[in-house]
Amino acid sequence: MRALVSRLVTLLALLVAPAAILSPPAVAGPRHTVTYDHYSLKIDGRRVLLRAAEFHYFRLPSPDLWRDILEKYRAAGFNAVSLYFDWAYHSPKPGHYDFTGVRDVDRLLRTAEQSGLYVIARPGPYINAETTGGGFPGWLKNVPGRARSSAPGYTAAYRDWLGHIDRIIAPHQIMRGGSVVLYNAENEYAQNTDAAYMEDIQNTARGDGIDVPTTTNDCCDAASWTSTWASGPGAVQVPGVDDYPQSFDCPNAATTWGPWGEGVTERLREDTPVFAAEYQAGAIDSWGAGYDKCRELTGPEYMSFFDKSNLIVSGATAFNYYMGFGGTNWGWLGQPNDVYTSYDYGAAITENRGLTAKYDEFKRQNYFLASVAPLTETDPASAPVSGNAAVQTVARANPRTRAEFVLVRHTDRASASDESATLDWTTPDGRYQVPVRVRGRTAKVLVAGYDLGGQRLAWSNSEIMTHAVIGGRDVALLYGDEGTPGSTVLRYSSRPSVTVLAGSVTASYGSGDLRLDYTHSGLARVLISGGGRRPLLLLLGTASEAAKFWRAGPVLVRGTSLVRSATTSGGTVSLRADMAKAGDVEVFTAARDLVVNGTRVVVRTTPSGSLLGSLPGPRPARLPALTGWRSRTEAPEADPGFDDSRWTAADRTTTESPLKPKTPTVLYADDYGYHYGDVWYRGRFTATGAETKVSLNAFTGRRGSYLVWLNGRYLGSAAGGTQADSDPPVNTDPGHGDFAIPAGLVRPGQKAVLSVLVENMGDNDDWIADDNRFKQPRGLYFVAFTGSDAPLSWKIQGALPDATRGPLNNGGLYGERSGWSLPGYPDGSWTRGAPVRVPAGVTWTRGRFRLDLPKGQDVPIALRFGGPIGTGYRVQLFLNGWNLGQYGGDIGPQTDFTLPAGLLRQHGQNTLAFAVVARQAASLAPVSLVAVSASRGGVPVSDVPAPSYR
C-alpha cells in the first residue's frame, strides 16, 4: 500500500505543478512568418538555407559563456543553433521545475536572438544526447507505464514537462518576435514506436502555443529506408534524418572512411525540403582513445568530402551539425555507457572553447552557403563530363537563375590519391574545358553561370568562400588547395582593366571572357574595373589563407582570431574581436576609421582599398601553484555505531522496475528518491557466528563499482552491473561479488552491520524505447550470507538537494552531505598536506587558490592530473562546490578538466575539493592549473552565484 500511495503522489504532483514559471517575459521584436516548400524553409517568403550547429547549454553551466559559444557559431557562418532541452536537468522530482540560474532557458533563447541565430527547439521529451536517462529524470523510472509510449503515467509526466518548457519556448517563436523556427518532436524514435504518442506530443505543443513547423530526426543514415514519420498518423511537418557516416571509431581515425554509409540525407517528402537534422560533426569516445582522435576522424577532409557531397547529391537546404561545441558532463549529467566527463566530441570548438581546423572548414563552407542564394532552390542537373574516370562529377542547378553547382570528387570515395581531370562543361554562358584537381580525400563545389554581385561568373575551378558589395564595389574571396592551379572566367561586354595588386596572376580577354590563371599560393589580389560592370576586388588564396577572413555585418576582416560583431557609424567601423597574438588587422570597408574593442586603431589605406592596422596580443596570465592542502578520511557510515536514524528505511516490497530484486525488500535507490551519485546502504542483522562469506549483486552502470564493509572492516569491492546485463539474454547474476568474512568478525547472537557504498554512474538511455534498458535499476539487487539466513533490515541514504547547483551535482558521500565540497567549510582541523597515498575507502582533500587573470582577456583554465593515469580509484573534483568531473583510469583517458569561467572566480579566491573513492590503497596523481590558451577580447563573465558552507 505504501508503494501504491507513493506512485499516486507522484502522478498527482505532475498535475499540480507550480505555475509561477509558466509566464516568461514576452519577447519584443519584429514579427515574421515561417513556411516551407519542396526546396527550403522561407522566412517572410524569402528562402533561407538553414545552417545550424548543436549546442548543449546544460553542458556549460556558466550563462555568460553561452554568449561566447553562440557568437562563435555566428562568426563561423552558422545562422541557427539547435537546442536540446534536458528534462532531467530541470526537474528534481515530479511536478517541480527550475528554470533559474544555470538553467535559465529564457535567457538562453534571448542570447540566441541577440547573437543573430535562428533556433531549432528540441524539448524531447526524450533527447538521448548521451545524457543520463537520455534526458529522462531519474524519478520517471518510478512512473508506471513504458516511457516513449502512450502509457497514461508517462503521458501525464511528459505533458507536464512540455507544458512548462513550451511556455518558455512559445514567446521566442519567430512569429512572436523571437527566433525559434522549428520545433523537434521526440528524438530518433524508430523502434517500439507509437503513432498516437507522436501525435499527442504535437497536439500538446500546439495547445501550449507552439505554432512553428514541427520536425523530428529519424535515425539513421540516408538512402536506405523510408521514414516512419514522413506521413500518416504522428507525422511531423518537416521530417529530418540523422546521418553519421563516419561512425564513432575514434581509435582508428586514420583508416576509417564512411563505414556507416554515403552520408546523403534522404528526401522523405516532396512537399518539404531535405533536412539533415543531425549531421555528424564529431564523435563520442566510447573506447577512450581521446577526443583529439575523434576530431581527426571527423576532421576537415571528412567535412570537405561528406558535407559537400551531401549538399549537392541530396539538395538539402537545412542542416544541423552535431556538435558545434560539446562541453562537459559535469556532475552526474552523462549516461554511463559511451562518455566520461569530457563531452568535447571532437567538435569544431573544443571543450575549452578553442577554435580548430574544423572550425575553419565550417567557416569556408558556411560563408559560401550564406553568400550564394541560388543554392536554396536547386534541382538535379546534367553534370560536366570528366576526362578522368577516377574523378566524378554531380551537378545541381537553380531552375530560375540557371546557376550551376558541380561537385567534384573521387569516383572511389575511399581514394586518397591526387587526380587531375578536364571537365567538358556546358555552362549557361557557353561550353568550356575546365581543368580540375582533386587532392586527397576532399571534394569541391564549383560554380558556373552565377551573378556574383554585379559580376557574371562564367566558371571557376576555385571555390567561392564569400562575396559582398563593400564601398560601391564587389569584393570576392575564392580559394583552392595549396600549390594547385586555378582559373576564373568572368564575363564582360568589353575588355576591363586588370591590375594585379599582389601575387602572380595572368589575365587574357576574348569573346567577352576575362580569364585569370594563377596558382593557389598565399593571397593574390586583383582589381578589375570597367567592362560595363562595377569594380571588383578579387582575392585568390589558399584554404588556409581564406580561413583568416571573417565576414561580419557590412565588412570583411582579415587577421584577427575571431570577429564577434561589426558596426559602422559616421565613417567609423567598430569591431568586437579576439586576438590570440599580436598582429595586423585588415578591414575591407567604406569607413575611414577603425575601433576595436572600444579602442581606436591607427590605420593606413592599402592599395586594395582596405584599412590596415596592428593589434596587441594577450598579456601573460600567471597561475599559482596549488599548495596548502588539507585532507581527511571519511566513510563513518561503515562504523557499526554510526547514527543512521534519519536515513530512509528501505522496506518497500514492490517496484516499477521491470527487473524485480532477489531480496525480500526493494533496495533500488530510485525507489527511495535517490537518483544520482553515490548511495550508502546499512543492513542490520543478528549474526549466527557461522557466516563465512557475503555475496552481493549491484547495478551501477558501466565503469561503476561498489565497496563493502562488515562491522567497520573493509571486505573489498566489485564491479557493478551494466546495461548489457539487461539486454537479451538477461544476465541473472549481474555485478556479482563474493566477500570472505574474517574469522571472529561477527559473533553469535550479536548485532552486526553490513555497509555498502554503491556508485550510480547514471541511467541508461532509452534509445530503443525499451524499459528494460532505461528502467534498469541502480543499487543493490541481491544480498546473502553463506552460513546464515538471518534477515536484514535496511537503511539507505543518497544525495541531499542543492537548489542552486541542481539535482545532478551531488551524490550521497558523507562529505557531500556535510558540505565538505563547499567554499567556507571549516577544515582547519584536517591533516595538513595532500595525501600521496590513500587507503581503501573514501578520502577528501581540500585546497584554496587565488586568481587575478588579466582583464579584457579570455584565459580558459584547466586542472591537470600529472603522471600516469591512476587506477583502482576515482576522484570527484569540486570547484567552489560544483562537481566538475571524475578522474581515474577506470573512468576514461581524461587528465585535463575544464574549469569554466564563472564557476571559476577569475578575480578572487577559489576552493578545490577532491573526493577520492579507492577500491584499494592507491597513490594519487599530482595536480596543477594550466592556461589552455589566451586571447585579448572574449565576453564579460560574471561569477555564477552559488552558496558556500553555512
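How do the residues of the lining of the largest pocket divide into nonpolar, polar and charged? I looked this up before anything else. They divide into 16 nonpolar, 16 polar and nine charged. Here Ala, Val, Leu, Ile, Met, Phe, Trp, Tyr, Cys and Pro count as nonpolar, Asp, Glu, Lys and Arg as charged, and the others, Gly among them, as polar.

**Ground rules.** I note that this is a predicted model, in which local features need pLDDT of at least 70 and side-chain atom pairs count only at pLDDT 80 or more, while totals for chains, interfaces and linings use all residues. Residues are numbered from 1 along each chain as its sequence is written, and side-chain values use heavy atoms, with hydrogens and water left out.

**Largest pocket.** I read its volume as about 940 Å³. A pocket is an open set of points on a 1 Å grid over the protein atoms alone, with protein on both sides within 12 Å along at least five of seven lines; a cavity is a set of points where a 1.4 Å probe fits but cannot get out; lining residues have an atom within 4 Å of a point. Grid points are joined across faces, edges and corners, and a volume is the space filled by probe spheres set on the points. I find 41 lining residues for this pocket, and Arg 51, Arg 74, Asn 79, Ser 115 and Gly 116 lie nearest its centre. Elements that each supply at least two lining residues include helix H2 (63-75), helix H9 (357-371) and strand E20 (463-470). Strand E30 gives the most, with five residues. Helices (H or I, at least four residues) and strands (E, at least two) are DSSP runs, numbered from the N terminus.

**Cavities.** I count seven cavities of 30 Å³ or more in the structure.

**Disulfide.** I searched the whole structure and found one disulfide, defined as a pair of cysteine sulfur atoms within 2.5 Å. Cys 250 and Cys 294 form it, with their sulfur atoms 2.1 Å apart. The link is right-handed, with 110° about the S-S bond. Cys 250 lies in the loop between strand E9 (238-243) and strand E10 (275-280) and Cys 294 in helix H7 (residues 291-297), so the pair ties together parts that are 44 residues apart in sequence. Both cysteines, Cys 250 and Cys 294, are buried. Buried means under 20% relative accessible area, exposed over 50%, and partly exposed in between (1.4 Å probe, protein chains only).

**Strand E41.** I next checked strand E41 (residues 705-710), where six of six residues are buried. Ser 705, Leu 707 and Trp 709 are on one side, Tyr 706, Val 708 and Leu 710 on the other, and both faces are covered. In a regular strand the side chains alternate between the two faces of the sheet. Six bridges join E41 to strand E42 (residues 713-719), and the two run antiparallel. Two strands pair if DSSP finds at least two bridges between them. Leu 707 has Ser 717 in E42 as its bridge partner. E41 and E42 form a hairpin with two residues between them, and Asn 711 in the turn has a positive phi of about 50°. Strand E44 (residues 751-758) is also antiparallel to E41, joined by five bridges. In E44, Ser 755 is the bridge partner of Trp 709.

Which peptide bonds did I note as cis? One joins Tyr 322 and Met 323, with omega about 0°. Met 323 sits in the loop between strand E11 (318-322) and H9. Another runs from Pro 728 to Pro 729, with omega near -5°. Pro 729 lies in the loop between E42 and strand E43 (736-740).

Glu 188 has a phi near 45° and lies in the loop between strand E7 (180-184) and helix H6 (195-207). Glu 188 counts as buried because its relative accessibility is 8%. Ala 769 has a positive phi of about 50°, in the loop between E44 and helix H11 (771-774). Ala 769 is buried too, with a relative accessible area of 1%.
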